[in-house]
Amino acid sequence: MERLGLGERGDLHLLGGSRGGKYPSGNSLLLEDDLCLVVDPSLDVAEAGASVTSRKVDLVINSHAHEDHFAGNSVFEDAELMLHENDAPLMASLDALMAGYGMDEEFDTLWRQITVDKFNFRPRPDARSAVDGEVIDTGRNRVHLLHTPGHTAGHLVVRFEPDDIVFVGDLDLTTFGPYYADASASLDETVASLEMLRDMAPGLRAFVSFHEAGVIEDDLVGAVDRYLAVVDHRDRRLLELTEEPRSLGEIARECVVYGKRYEHIPWQPFAERVMMERHAERLIARGELTREEDGRFRRV
Ligand SMILES: [Zn+2]
């Protein structure tokens, strides 16, 4: 596993995921300060095990309760676990976690199995709830937990000071764009959280994203703008598709979000449908789209 030093004091490390952190892998962070913590231990960390550090890990922070972000939690079983107060309860049981995803019944059984067998889900009713703005003093660093809902209701970004490095979790600044298909997800909150990141960007040294992008040091504002532009692109595609009335199922089959059909992602049809419905609601609220009596959508 690639271990890349970040920051000035040599105690903050990127634990780079395989294939550049492409899902289901991801990039984790390790801070070896007086207090030793790991943010989002990935599948790669799960495979590497405790050898990723010679230190005893005191604290694991999950940016949110998603399978790829908690896959390595069990490596540090004795460490305290922390999530935002909206997502911490999802870690208490497999039922709670599944309710958070809110997937169709047809995927539920399969998803339970994958979450446990591949991503090592173990119930953590002891997970501690963090609140927005909570600061952890680790010795030489201060770690700020900032609530950035939208991807899930309790998504956090983690700011390291004095290095001014922000781990952005699944606001991952990829070319794919943001994902907001969970039961607790929100398109409007995702956009608001990204606008907050963009406002923060000029004072930062780097973003670190869980997937793909990794360490971003140049043009941080542009990176957020390009990511936000994907949301606008999805809006425009929906308006093009609804020149003639179309049902949500017909819209989902166009794969606006994924670009093409991925047979190995069983939840893709679900995600396309949920996310495009959220775009439809946003465009209806703006007066650019209407829902006809038969349920089909039409551009105004
Ligand atoms: Zn996620």
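Analyst: This is a predicted model. Start with a helix pair, where the distance between axes and the crossing angle are read together. The axes of helix α6 (residues 220-241) and helix α8 (residues 268-285) come within 10 Å and cross at roughly 80°.

User: How is α6 oriented relative to α8?

Analyst: Angles of 65 to 115 degrees count as roughly perpendicular, so α6 is roughly perpendicular to α8. On the α6 side the contact is made by R234, D235, L238 and L239, and on the α8 side by M276, H279, A280 and L283.

User: How many residues of each class are in the contact of α6 with α8?

Analyst: The contact of α6 with α8 has 5 nonpolar residues, along with 1 polar and 2 charged.

User: At what angle do the axes of α3 and α4 cross?

Analyst: For helix α3 (residues 94-101) and helix α4 (residues 105-117) the angle is roughly 120°, and the axes come within 11 Å. That angle makes α3 oblique to α4. Handedness is a separate property, and here α3 passes α4 in a right-handed crossing. L94, L97, M98 and Y101 of α3 meet D108, W111, R112, T115 and V116 of α4. By class, the contact of α3 with α4 divides into 6 nonpolar, 1 polar and 2 charged residues.

User: Now a single residue. Is T152 buried or exposed?

Analyst: Burial is read from a neighbour count, and 20 or more other C-beta atoms within 10 Å make a residue buried. T152 has 31 C-beta neighbours inside 10 Å, so T152 counts as buried. T152 is found in the loop between β9 (142-147) and β10 (156-161).

User: Which residues does T152 touch, not counting residues up to four places away in sequence?

Analyst: T152 touches H64, A65, H66, D87, G100, D182, S184 and A185. Take A65 as a case: T152 and A65 are 87 residues apart in sequence, yet their C-alpha atoms are 8.0 Å apart in space.

User: What does the same kind of reading give for the whole protein?

Analyst: Among contacts between residues at least 6 apart in sequence, 57% join residues at least 24 apart. Buried residues make up 42% of the 300 residues. The secondary structure comes to 8 helices and 15 strands.

User: How does the radius of gyration of the protein compare with that of a compact globule?

Analyst: A compact globule of 300 residues would have a radius of gyration near 19 Å, and the protein agrees because its own value is 19 Å. Along the principal axes, the C-alpha atoms fill a box of roughly 60 × 45 × 35 Å.

Note on methods: Residues are numbered from 1 along each chain as its sequence is written. This is a predicted model: local features need pLDDT of at least 70, side-chain atom pairs count only at pLDDT 80 or more; totals for chains, interfaces and linings use all residues. Helices (H or I, at least four residues) and strands (E, at least two) are DSSP runs, numbered from the N terminus. The radius of gyration is taken over C-alpha atoms; the globule rule is 2.2 Å times the number of residues to the power 0.38. A residue is buried if 20 or more other C-beta atoms lie within 10 Å of its own, exposed if 12 or fewer, and partly exposed in between; C-beta atoms are placed from the backbone. Two residues are in contact if their C-beta atoms, placed from the backbone, lie within 7 Å. Axes are lines fitted to C-alpha atoms, for helices over the stretch in contact, and angles run from 0 to 180 degrees between N-to-C directions. Angles under 35 degrees count as roughly parallel, over 145 as roughly antiparallel, 65 to 115 as roughly perpendicular and the rest as oblique. A crossing is left-handed if the near helix is turned anticlockwise from the far one by less than a right angle, and right-handed if clockwise. Ala, Val, Leu, Ile, Met, Phe, Trp, Tyr, Cys and Pro count as nonpolar, Asp, Glu, Lys and Arg as charged, and the others, Gly among them, as polar.
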